[in-house]
2 protein chains.
Amino acid sequence: MSTAFPEDSVGLVTPQIARFAEPLALACGRSLADYQLTYETYGELNASASNAVLICHALSGHHHAAGYHSVDDRKPGWWDSCIGPGKPLDTNRFFVVSLNNLGGCNGSTGPSDTNPATGKPFGADFPVMTVEDWVNSQARLADLLGITQWAAVVGGSLGGMQAMQWTISYPERVRHCLAIASAPKLSAQNIAFNEVARQAILTDPEFHGGHFQDQGVIPKRGLMLARMVGHITYLSDDAMGEKFGRGLKNEKLNYDFHSVEFQVESYLRYQGEEFSGRFDANTYLLMTKALDYFDPAAEHGGDLAKTLALAKADFCVMSFTTDWRFSPARSREIVDALIAARKNVCYLEIDAPQGHDAFLMPIARYLQGFASYMKRIEV
Amino acid sequence: MSTAFPEDSVGLVTPQIARFAEPLALACGRSLADYQLTYETYGELNASASNAVLICHALSGHHHAAGYHSVDDRKPGWWDSCIGPGKPLDTNRFFVVSLNNLGGCNGSTGPSDTNPATGKPFGADFPVMTVEDWVNSQARLADLLGITQWAAVVGGSLGGMQAMQWTISYPERVRHCLAIASAPKLSAQNIAFNEVARQAILTDPEFHGGHFQDQGVIPKRGLMLARMVGHITYLSDDAMGEKFGRGLKNEKLNYDFHSVEFQVESYLRYQGEEFSGRFDANTYLLMTKALDYFDPAAEHGGDLAKTLALAKADFCVMSFTTDWRFSPARSREIVDALIAARKNVCYLEIDAPQGHDAFLMPIARYLQGFASYMKRIEV
């Protein structure tokens, strides 16, 4: 580990690749003949393999959750505030596994990879994934790593949905589930925002029905708009007000349509453009569909308690007061169902101004509650 | 009046056109050499011209607020529930004037009209309008109609901003101001949503820098996306849940990106497509800019009470509990400033599930409060 990194960092990490040759049957009825998952691990797996924790990522996330990729790397992984020695996911105690989901665009098999059947990129021919599919693919990674049972499966937002699904699909393989800033299913408004993002991408003339790579182009405009809409829903009204207010980029108004006038416009355009240069449009569509489809209660007539009765895990649910994408009320639905299902559940509603994005932030009460729960887990 | 219309309808109405040959100086520094306003009137102006009420419209509104355009017309004006004999804006008492704003696309001079300087459509060369500009143009319409002072200026949303601006720009000409589901200025989040809508239009390849008419095309995709985003903000999360929930259009999921799967998707696409066929893209941009720019307190160092101290009108402010575009908190800012400025103000917060759109709906307590306030106005 380089001495240049902070003491509570996992330090230098190297992504690894796991290859799976056995076909994976998917919810859509199709299957993937073979695939690879890119992942990172932090900490050491103990002799009894009882200290493994799985991190599931959200919409635009990936495997690089903690540490640095080179000695010059200035930007640690996306959940570095929560993973490392002495941090909530304490790498002195736990062996933490973080992967890029199947269908992603950060090293795991996804739409931008070559379809062995055609020799061209999958593009829109890549199968639509569901949360259940991801959990099945993650179970194979667990097998490969020799992990029969996770000490905990942990995730925020869409990651929290995967953590919940684990307890339903593989009840024997999860001791603790931490679902943070999550929801038992999307609301009509949530789906509506996803649909705007999808339409932005689908109607971009450079999307070419999802086969833009064959044309050597990228649907940048669509991705940019999708990300802009997304970003508004990740931040609270208050957080945006605090950060930008009605502040102007320059001193006066331009009275035209195209100039950047307000700081919030500048921020959104930057976020949108940066994202459109690094994220795959088909992966974005796929992630929004996985979100829309997630509804574990549906198989039990909409009864979430009945669904969660299958679980054998203990649960920790956390939400943030100003999160309006997945508000505390949505987390309370999960908690209520768990109580009705007679499960052990711990619920923490954290006062935070940052909106949905709060789950990525180093908020004192959040880190403390998260750490306390993890400390109770025996390994 | 045709007997086919409901008894409390204003019946058959015919839009009228007012032409103005004197240049109108605008906030942007430019001026309009001449222009026309399309308007409708309901009821009769009394001898002393003391019973005139001005209706100001919101983002996508127009002059046709009440009654029908033909005997076969099935769809009355957009505020028909509030305008007519015995309704809150009682046409037995009041002479109601409703216009299409300058820069609009429903009969008043706007971007889709011919620029006399070039002989081609204005397109993006049409000057950006502000709420102040609109109020100035409306004052000229009042002059033309022989109305020295409005009994009331009334509007919802962006219309409420115009009503407020009237009391500041022309204090002697307004006795009552009714600002419904409005705000003293946009928040960063409000601006952010407008910016997404603008970027959707501006980046549509068929926008052609705002001169799409010259190319014989319409930026349909951009307008559709803009309207979809807008619609989400007009409805409450609850109203969307109530209306669509997670209902599917067909019985099962398709597992693809482009199908309409959830009912809310179908609704949004329909709204977007319908809108993109009837609304001008440059007008949409212009309306969002007028919203962003509105900030009457700015001229008094951000002190809204100081600004509203200029007014001589009495005020009625109304808001709706589930409106998250312009929440009750935003209306209370107006009320607090009016109290600080020692104005007469009446505030009604109406329990309604419909979100921002509630101001267009026939909600009993809303209609009753609105009617009560109007009855107190002497003419």
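Predicted model: local features only at pLDDT ≥ 70, side-chain atom pairs only at ≥ 80, totals over all residues.
User: Which residues of chain A does UniProt list as "active site"?

Analyst: The UniProt record, an unreviewed entry, places that feature at Ser157(A), Asp323(A) and His356(A).

User: What makes these residues gather at one spot?

Analyst: They span 200 residues in sequence, yet no two of their C-alpha atoms are more than 10.7 Å apart, so they come together at one spot.

User: Why is Ser157(A) called buried?

Analyst: Buried means under 20% relative accessible area. Ser157(A) has 6%, so it is buried. Ser157(A) sits in the loop between strand 9 (152-156) and helix 2 (158-169) of chain A.

User: Why is His356(A) called buried?

Analyst: The cut-off is under 20%, and the relative accessible area of His356(A) is 2%, so the label applies. The loop that holds His356(A) runs between strand 12 (345-350) and helix 10 (364-376) of chain A.

User: What makes the pairing of the side chains of His356(A) and Ser157(A) a polar contact?

Analyst: A polar contact needs a pair of N or O atoms within 3.5 Å, one able to donate a hydrogen and the other to accept it. The side chains of His356(A) and Ser157(A) make such a contact at 2.8 Å.

User: Which residues does His356(A) touch, not counting residues up to four places away in sequence?

Analyst: Among them are Ser157(A), Asp323(A), Arg325(A) and Phe326(A). The contacts of Ser157(A), leaving aside its neighbours within four places, include His356(A), Phe326(A) and Ala58(A).

User: How do you know what relation chain B has to chain A?

Analyst: Chain B can be laid on chain A with an RMSD of 0.0 Å by a turn of 180 degrees and a shift of 0.0 Å along the axis. That is the relation of a two-fold axis. The same surface serves both copies, as 100% of the contact residues of chain B recur in chain A.

User: Why is the pair of Trp166(B) and Tyr170(B) called tilted?

Analyst: Stacked needs planes under 30 degrees apart and edge-to-face over 60. The planes of Trp166(B) and Tyr170(B) are at 45 degrees, with centres 5.2 Å apart, so the pair is tilted.

User: How do you know that the charged end of Arg325(B) sits over the ring of Phe326(B)?

Analyst: The limits are within 6 Å of the ring centre and within 35 degrees of the ring normal. The charged end of Arg325(B) is 5.9 Å from the centre of the ring of Phe326(B) and counts as sitting over that ring. In chain A, the charged end of Arg227(A) sits over the ring of Phe275(A), 4.1 Å from its centre.

User: What makes the phi of Arg342(B) worth a remark?

Analyst: Most residues other than glycine have a negative phi. Arg342(B) is not a glycine, and its phi is positive, about 60 degrees. Arg342(B) is in the loop between helix 9 (328-340) and strand 14 (345-350) of chain B. Its relative accessibility is 79%, so Arg342(B) counts as exposed. Ser157(B), also not a glycine, has a positive phi of about 60 degrees, but at 6% relative accessibility Ser157(B) counts as buried.

Note on methods. Residues numbered from 1 in each chain as written. Chains lettered and ligands numbered in written order. Heavy atoms only, no water. UniProt positions renumbered as here; feature names shortened; annotations may be inferred. Helix = DSSP H or I, 4+ residues; strand = E, 2+ residues; numbered from the N terminus. Buried < 20%, exposed > 50% of the residue type's maximum accessible area, 1.4 Å probe, protein only. Contact = heavy atoms within 4.5 Å. Least-squares fit on C-alpha atoms with pLDDT ≥ 70 in both. Phe/Tyr/Trp six-rings, centres within 6.5 Å; stacked < 30°, edge-to-face > 60°.
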